[in-house]
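User: Please take me through this model by setting each assignment against the definition behind it.

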Amino acid sequence: MLILNGCTSLVEVHDSVGFLDKLVALDFSDCSSLKKLPRSFKLISLKVLELEGCTSLEYFPEIECEMEHLKDLWLEGTRIQELPSSITYLTGLETLYINVCISLVHFPVNIFQLEHLQDVSITHCPNFVNFGKEVGHNGQFVPCTQENEISPSMELLPSRPPDSNDLFRIYNFSSSLRTLNLYGSGIVSLPPCIEGFVGLSKLDLRYCKQLEEILYLPPNIESVDAIGCVLLERFPRVSTKSSFGTPDLKRLTRINLSECSKVEVDVGNHAPDPLLVQERFREKDSSTIIYPGSRIPEWFKYCKETTSLSKSIEVEIDHNESMCFGHQIVALVLCFVVGPLPARAFYSFTVSRNGQQIGNDGMWFWDSMDPHRVCLQYIAGNSIDEILPTSYREGNNNMRFTFENDSKKGIFKSAGVHLIYGNDNFIDPIQHSKRYRDDGEHDLEPNWNPQKKQQSSTTRIMEFKDANNDLIIEDLDLERRLGN
């Protein structure tokens, strides 16, 4: 082992250190004056490499042999501009953490071929703008390609790490990668090749303040966090009706668009179709989307709005008005609108019947200075079984939904509940309803633009009343939409 952490007078490490084939640990952490490491590493036994806090280090050595024992690589606060493509010789690498490397410009895409790599974090690197691109013959960055995008101008990946001067390459990405964190990076868009990250489940894009579009996502993605992406404008999967149940992203369960005021989120003008909900929730039990806005979607049947922000809010459901007596609830849709939240808070809701709690759930709600945010949550599958036992899911039960938070100040502006029943032969699956308000106003504007605000002067309960002349019968062609 060679341990020199905190040696602020160390400026250069001799090249011979890079050839110590029995060396298992190399620790230069917090060597703030270190500028030069050996030009290459041939450390076949190395298990530990510590370089965080090397604030003067400008380059990373070439890797000259397979180094299978190194599992974690942490680079924090360095001046490294790029990592060499030979980093793929770190065949045992599981975690790569790059933080506050403000000079980082290029990151080799071929690293995502490493079969054991699970977590990659490139955070607080504002000059890292070329994610998913490689350097071409002319020195310009060009997008990477996937193995299934073969064209005559592409060449196969060689057995050793590729030369970065090759213009086109084909990448067969590993399925082991689970988490990709790009918090605070300078990226403008996600590259097409990210669709090749078939194992990726969590994508963190928080405070990527130059990000303008999200056009591509991995097929098995579960969570996309884009808080504070203030320039984000194009995100097709949330800008089309019923997009949160998009068939090609069957595992997507959470999207957070707090402080993304330029994105249009279309939650539709009609209640979700029961058959489509059951079809699209076969591989997940719930879905949540958070976005700037001030109104509960128009199709919610039971809503309550307050005149000032409250720490809790209750929504009552009277089965006599539901027109669903004897029909089974197959899904819940919950929605609430909150005001500014300076610190994160835990939101929870409980379901009670005749004063007895029968189910509950909750989640953390991250801080944001959005004037108002909407949280829309679909609950189905096993999750609804936990919240509403089967014996309570017939249409003949009165229920109360209580929304609460642990914040010291009130955050709730309004809340809503919509119940989705199975076998809805008694009523058209998608229907247009109008909100009834006790002040005599019956027609509210559709919630097409979530940024549109509605002022409330009195506390009131708003319910959707089903009436025959309010129904708009549509030819759903369900067999076609379900792919049968």
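Analyst: Asp225 and Arg206 form a salt bridge, their closest N and O atoms being 3.9 Å apart. This is a predicted model, in which local features need pLDDT of at least 70 and side-chain atom pairs count only at pLDDT 80 or more, while totals for chains, interfaces and linings use all residues. Residues are numbered from 1 along each chain as its sequence is written, and side-chain values use heavy atoms, with hydrogens and water left out.

User: Why is the contact between Asp225 and Arg206 called a salt bridge?

Analyst: The term requires a side-chain nitrogen of Lys or Arg within 4 Å of a carboxyl oxygen of Asp or Glu; the pair of Asp225 and Arg206, at 3.9 Å, therefore qualifies. Asp225 lies in strand β15 (residues 223-225) and Arg206 in the loop between β14 (202-204) and β15, so the pair ties together parts that are 19 residues apart in sequence. Strands here are DSSP runs of E with at least two residues, numbered from the N terminus. Asp204, Arg206 and Asp225 are linked in a network of salt bridges, and the structure holds nine salt bridges.

User: What makes Asp225 buried or exposed, and how is Arg206 classed?

Analyst: Buried means under 20% relative accessible area, exposed means over 50%, and partly exposed lies in between (1.4 Å probe, protein chains only). Asp225, with 13%, is therefore buried, whereas Arg206, at 22%, counts as partly exposed.

User: Why do β19 and β22 count as edge strands?

Analyst: Four strands form an open, antiparallel sheet in the order β19-β24-β21-β22. Because β19 (312-317) and β22 (356-365) each have a single partner strand, one side of each is left without a neighbour in the sheet.

User: What makes β21 and β22 a pair?

Analyst: Pairing requires that DSSP finds at least two bridges between two strands; nine bridges join β21 (residues 345-353) to β22, so these antiparallel strands pair. Among these contacts, Ala345 has Phe365 in β22 as its bridge partner.
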